[in-house]
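Here are my notes for you, point by point. Keep the structure open while you read, and look up each residue as it comes along.

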Amino acid sequence: MFPSTVERWRSLARTHAAWAAARYGVRLDESDVLALIAHESKSKACPGGGDPTAVSHSGCRGLGQFSGKTLKSYNAQNPGATLTWADLIDPSEASGQIRAVAWLLASGRKETSSWAVPDARASNDLWGDLYYGWGPRNTKDAIAAYRVSHGGRSPTFEQLEAATPATFDGDHDGRVDLRPFIHARAVVSAARKDRGEAPVPNPFPDAVAGAEAPGDRGCACCCADRTRSGDCPRNSGKDG
């Protein structure tokens, strides 16, 4: 179970996860969607996540922390979708926000399942959530860089996690940045815990513990060290 501010969205998460899973032919359920929401949409009013008015200091919005670019892609790839920038901070539009989250999770899992990496299917949840949290371009660039430095061999999720160069974190401080991977593991682990399953093992337990995913750089979610604003409405009128 997630915090009450996240649990109130369960029925909507179930509905939209079923739609997205059927559309893309992947495993996705309400726990996956709720785990993402809990991880992304934290604010001072909702420290456990679930704030549909959450805004990061870099401008990403809502339950799934969408950037303008991701919002545009959602509307373009979903005929009839009319989610607006204003809707991403409108509690009455929580259903639309959650549908968009389910779409991006499912489409990411569908795309990553066909990637030429050894564990694309076995670790599909992890790759798909890395796609969401870091963005497809950053993830593909990291895979390509690994192949260059490892004789053309493609990495498993854990191998890419261990080999990610510090330059991917944007500050060139000489330290390997594992935040996007920790983000992916946190989302999957939270979903598995909610289903009563074993969490995803973390080979780097001391690495940037509790850190968020880094800047959006073309993906859905935003920077670490988020400073969110906006009140968390007690009752959105949409779901319990």
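1. Let's start with Arg27. Its relative accessibility is 45%, so Arg27 counts as partly exposed. Please keep in mind that this is a predicted model, so what follows is about a prediction.

2. Which residue does Arg27 form a salt bridge with? The partner is Glu197, and the closest N and O atoms of the two are 3.3 Å apart. Arg27 sits in the loop between H2 and H3, while Glu197 is in the segment after H9, so this pair ties together parts that are 170 residues apart in sequence. Glu197 is partly exposed too, because its relative accessibility is 32%.

3. Now look at Asp32, which forms a salt bridge with Arg195; here the closest N and O atoms are again 3.3 Å apart. Are the two partners buried or exposed? Asp32 has a relative accessible area of 2%, so Asp32 is buried. Arg195 has 22%, which is over the 20% cut-off for buried, and therefore Arg195 is partly exposed.

4. Salt bridges that share partners join Arg27, Asp29, Asp32, Arg109, Asp125, Asp129, Arg195 and Glu197 into one network. How many salt bridges does the structure hold? The count is 14.

5. One more salt bridge deserves a look: the side chains of Glu30 and Arg14 meet at 3.1 Å, N to O. Glu30 is in helix H3 and Arg14 in helix H2, 16 residues apart, and the pair links distant parts of the chain. Glu30 counts as buried because its relative accessibility is 16%. Arg14, with 42%, counts as partly exposed.

6. That brings us to helix H2 itself. With 15 residues (10–24) and 1.5 Å a residue, H2 should span 21 Å; the C-alpha atoms at its ends are 21 Å apart, so the two values agree. Which residues of H2 are buried? They are Arg10, Leu12, Ala13, His16, Ala17, Ala20, Ala21 and Tyr24. These residues cover an arc of only 150° around the axis, which means they are on the same side of H2.

7. What do the buried residues of H2 pack against? Their partners are helix H1 (4–7), helix H3 (30–40), helix H5 (94–112) and helix H9 (179–194). Just after H2 comes Gly25, with a positive phi of about 65°.

8. Next, a pair of helices. In general, two packed helices are described by the angle between their axes and the distance between the axes. The axes of H6 and helix H7 (residues 136–149) cross at roughly 120° and come within 6 Å. That angle makes H6 oblique to H7. On the H6 side, the residues involved are Trp127, Leu130, Tyr131 and Trp134; they meet Pro136, Asn138, Thr139, Ala142 and Ile143 in H7.

9. Stay in helix H7 and find Tyr146. Its relative accessible area is 6%, so Tyr146 is buried. Which residues is Tyr146 in contact with, leaving aside neighbours within four places in sequence? They are Arg153, Ser154, Pro155, Gln159, Leu160 and Ala163.

10. Asn78 is in the loop between helix H4 (68–77) and H5, and Asn78 counts as buried because its relative accessibility is 5%. Setting aside neighbours within four places in sequence, Asn78 is in contact with Trp19, Arg23 and Trp103. Ser123 is in the loop between H5 and helix H6 (124–134), and at 14% relative accessibility Ser123 counts as buried. The C-alpha atoms of Ser123 and Thr112 are separated by 9.5 Å, and the two residues are 11 residues apart along the chain.

How values were computed:
Residues are numbered from 1 along each chain as its sequence is written. This is a predicted model: local features need pLDDT of at least 70, side-chain atom pairs count only at pLDDT 80 or more; totals for chains, interfaces and linings use all residues. Side-chain values use heavy atoms; hydrogens and water are left out. Helices (H or I, at least four residues) and strands (E, at least two) are DSSP runs, numbered from the N terminus. The expected span of a helix is 1.5 Å times one less than its number of residues. Buried means under 20% relative accessible area, exposed over 50%, partly exposed in between (1.4 Å probe, protein chains only). The arc is that of the directions from the helix axis to the C-beta atoms. Contact means heavy atoms within 4.5 Å. A salt bridge is a side-chain nitrogen of Lys or Arg within 4 Å of a carboxyl oxygen of Asp or Glu. Axes are lines fitted to C-alpha atoms, for helices over the stretch in contact, and angles run from 0 to 180 degrees between N-to-C directions. Angles under 35 degrees count as roughly parallel, over 145 as roughly antiparallel, 65 to 115 as roughly perpendicular and the rest as oblique.
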